[in-house]
Amino acid sequence: MANPCKAIVVGLSGCSSSGKTTLARLLRDIFPNTFVLHEDDFYKAETELPTKNGLLDWDCAEALSIPDMVKSLEHIHKNGTFPPDLNSKEDQNSVGTCPVSDATIEEMKALVKTWSEEGNPGYGILTHSSSPTRVCIFDGFLLYSKSMVSIQPHIDVKVLLRVSYAKAKARREARSGYVTLEGFWEDPPGYVDKIVWPNFVEDHQFMFEDGDVEGKLKESIVKEWDINFHPGGLDVDMSSTLKWIVKLMMEKLPDLVQRT
């Protein structure tokens, strides 16, 4: 990592439809000097995507330009800004109605404001400084798989969002579609069962006892990879998850900034 570091990267990963993008956008609004980088902005052209079970496979490492992702993360750490050639498509995608109340959002904003004031641990980090640190929330479905090992040293705080098959399937199938380089993509029938969930299991089962991605995370992996996850298990509601992540970031940021 470049020194001095101009940004801290917080990774939000989990199965498709685990709430990553909703949380990333909320955190961007709650923490000052914060922006969002989307893994989905590194998809290859549709003509370059692999196929599986007769369908285009958007949910695998081979669909992503990993070298471009690494280059962008290096630029963000060094400069605290998006690379000049990065044009986000993901921010054009709807995430639906926000499941977190305005009152909870305002409560979190007030908590972060107090944390940032003189005499408190966050003072001089994101604000009240001639050279404030920025926070990049890196939202991606595949950040912690073994196939993405080259990007992991560039993620300073690793958060894993856990969701059940039933919840992920219901949320994904309720979506209208996705803006892509070529235009717009809508999942064909059966896409979750043929592509999304099997790929998530294949890429993440090494992290779980008995390979059960709805079960218990292996303590050895959590410690070795420094993975943070909500202690409430699967399908924790968005408000509780947001409160937990806000507190986690307030705890982690002062030490990370001091180290860089």
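## A lysine in a loop

Let's start with K216, which counts as exposed because its relative accessibility is 52%. Here, buried means under 20% relative accessible area, exposed means over 50%, and partly exposed lies in between, with a 1.4 Å probe and protein chains only. K216 sits in the loop between helix 5 and helix 6. Helices (H or I, at least four residues) and strands (E, at least two) are DSSP runs numbered from the N terminus. The C-alpha atom of K216 is 9.9 Å from that of L234, and the two residues are 18 residues apart along the chain.

A word on what you are looking at: this is a predicted model, in which local features need pLDDT of at least 70 and side-chain atom pairs count only at pLDDT 80 or more, while totals for chains, interfaces and linings use all residues. Residues are numbered from 1 along each chain as its sequence is written, and side-chain values use heavy atoms, with hydrogens and water left out.

## A patch of negative charge

The loop between helix 5 (191-204) and helix 6 (219-225) also holds E214. With 37% relative accessibility, E214 counts as partly exposed. On the surface, E214 gathers with E209, D210, D212 and D235 in a patch of negative charge. Patches are made of residues with over 30% relative accessible area and no salt bridge; like charges are joined within 9 Å, and nonpolar side chains (Val, Leu, Ile, Met, Phe, Trp, Tyr) within 5 Å. Asp and Glu count as negative and Lys and Arg as positive, while His and the chain ends are not counted. The place of a charge is taken as CG of Asp, CD of Glu, NZ of Lys or CZ of Arg. Accessible areas come from the Shrake-Rupley method with a 1.4 Å probe, and for residues only the protein chains shown count as cover.

The whole structure contains nine salt bridges, each defined as a side-chain nitrogen of Lys or Arg within 4 Å of a carboxyl oxygen of Asp or Glu. One of them pairs K169 with E173, with the closest N and O atoms 3.0 Å apart. These two residues are separated by about one helical turn because they are four residues apart in helix 4 (residues 165-174). E173 is partly exposed, at 47% relative accessible area.

K169 also meets D193 in a salt bridge, at 2.8 Å from N to O. This pair links distant parts of the chain, with K169 in helix 4 and D193 in helix 5, 24 residues apart. R172 bridges to D187, where the closest N and O atoms are 2.6 Å apart. Here R172 belongs to helix 4 and D187 to the loop between strand 8 (184-185) and helix 5, 15 residues apart. R172 is buried at 7% relative accessibility, whereas D187 is partly exposed at 26%. Shared partners join D59, R172 and D187 into one network of salt bridges.

## Two residues with positive phi

Most residues other than glycine have a negative phi. N53 is not a glycine, yet has a positive phi of about 50 degrees. N53 lies in the loop between strand 3 (51-52) and strand 4 (55-56), and counts as exposed at 53% relative accessibility.

D235, a member of the negative patch, likewise has a positive phi, of about 55 degrees, although D235 is not a glycine. D235 is found in the loop between strand 9 (227-229) and helix 7 (238-259) and is partly exposed, with a relative accessible area of 33%.
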